[in-house]
Amino acid sequence: MALKELYKKYFQKSIWFLYPNLGIKRHATFTPINTFIVLNDNITEYDEKLIVLHEDLNSEGFKQFEKNVLFKNRFFYTFKPCVDNKVAYIFTFQEHQEDWFNFLSGKYSLLSKELKNRIESYAGKNSLEWEYIYSFLYPDKHFELYATLLAQGEKDVESMQEILMGIGELCPPYNLAKESLKIEFRELDTL
């Protein structure tokens, strides 16, 4: 299936380009509310930490998911209980610094083959999202298509393609404000 139009809305880049590295299935029983790369003043985008926000469901099923999937994940770092019945689970990308900094630079085509494979597995090869994500990960195969979609007329396609090839990417970089989580932490009960 070939793309027929540009994806014009902002989408959370960290959930599509970083979260798949955790190996958690997209259609798991408990999906995150969202993911972020900045947490209040505690974690900046340069700390190589992915924040995964979940509802704090007080159910046996969620507690098992938390224990067996989140806490046992090899990238799990820590967690912070938050207000409004939410929990921020924090995962480290220190083993994947190159991918992290390619993400920060908006160089999605330079993500490692391992991460690209995980992204494909997460997105699902037959999903509409995968068509877009694939074009972002492998822009060389899509410059002409995007040039056609962006050009004002047929005479502008070639110059538009040259511009896109000069940029080298087809997906804009992340928006720091949208990839930042501002949330109040819950005080833990003390004895």
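Trainee: How many bridges join strand S4 (residues 76–82) to S5, and how do the two strands run?

Mentor: In this predicted model, 6 bridges join S4 to S5, and the strands run antiparallel. Two strands count as paired if there are at least two bridges between them, so S4 and S5, with 6 bridges, are a pair. Within this pairing, Thr78 stands opposite Ile90 in S5.

Trainee: What makes S3 a partner of S5?

Mentor: The same cut-off of at least two bridges applies. S3 and S5 are joined by 7 bridges and run antiparallel, and His54 stands opposite Val87 in S5.

Trainee: Which residue takes a positive phi in the hairpin of S4 and S5?

Mentor: Asp84 does, with a phi near 60°, in a hairpin that has 3 residues between the strands.

Trainee: Why is strand S5 (residues 86–92) called mostly covered?

Mentor: Buried means under 20% relative accessible area, and 7 of the 7 residues of S5 are buried.

Trainee: Why is Asp56 called buried?

Mentor: The relative accessibility of Asp56 is 16%, and the limit is under 20%; therefore Asp56 counts as buried. Asp56 lies in the loop between strand S3 (49–55) and helix H2 (60–70).

Trainee: What makes the approach of Asp56 to Arg186 a polar contact?

Mentor: Their side chains make this contact at 3.4 Å, and the limit for such a pair of N or O atoms is within 3.5 Å. Leaving aside neighbours within four places in sequence, Asp56 is in contact with Phe62, Asn85, Lys86, Val87 and Arg186.

Trainee: Are Cys82 and Cys171 buried or exposed?

Mentor: Cys82 has 0% relative accessibility and counts as buried; Cys171, at 5%, also counts as buried. As for disulfides, a search of the whole structure finds 0.

Trainee: Why is helix H5 (residues 128–137) described as largely enclosed by the rest of the structure?

Mentor: Of its 10 residues, 7 are buried, so H5 is described in that way. The buried residues are Trp130, Glu131, Tyr132, Ile133, Ser135, Phe136 and Leu137.

Trainee: Which helices do the buried residues of H5 pack against?

Mentor: They pack against helix H1 (13–17), helix H4 (113–123) and helix H6 (143–150).

Methods. Residues numbered from 1 in each chain as written. Predicted model: local features only at pLDDT ≥ 70, side-chain atom pairs only at ≥ 80, totals over all residues. Heavy atoms only, no water. Helix = DSSP H or I, 4+ residues; strand = E, 2+ residues; numbered from the N terminus. Buried < 20%, exposed > 50% of the residue type's maximum accessible area, 1.4 Å probe, protein only. Polar contact = N/O pair within 3.5 Å; in protein donor to acceptor, adjacent residues only side chain to side chain. Contact = heavy atoms within 4.5 Å. Disulfide = S-S within 2.5 Å.
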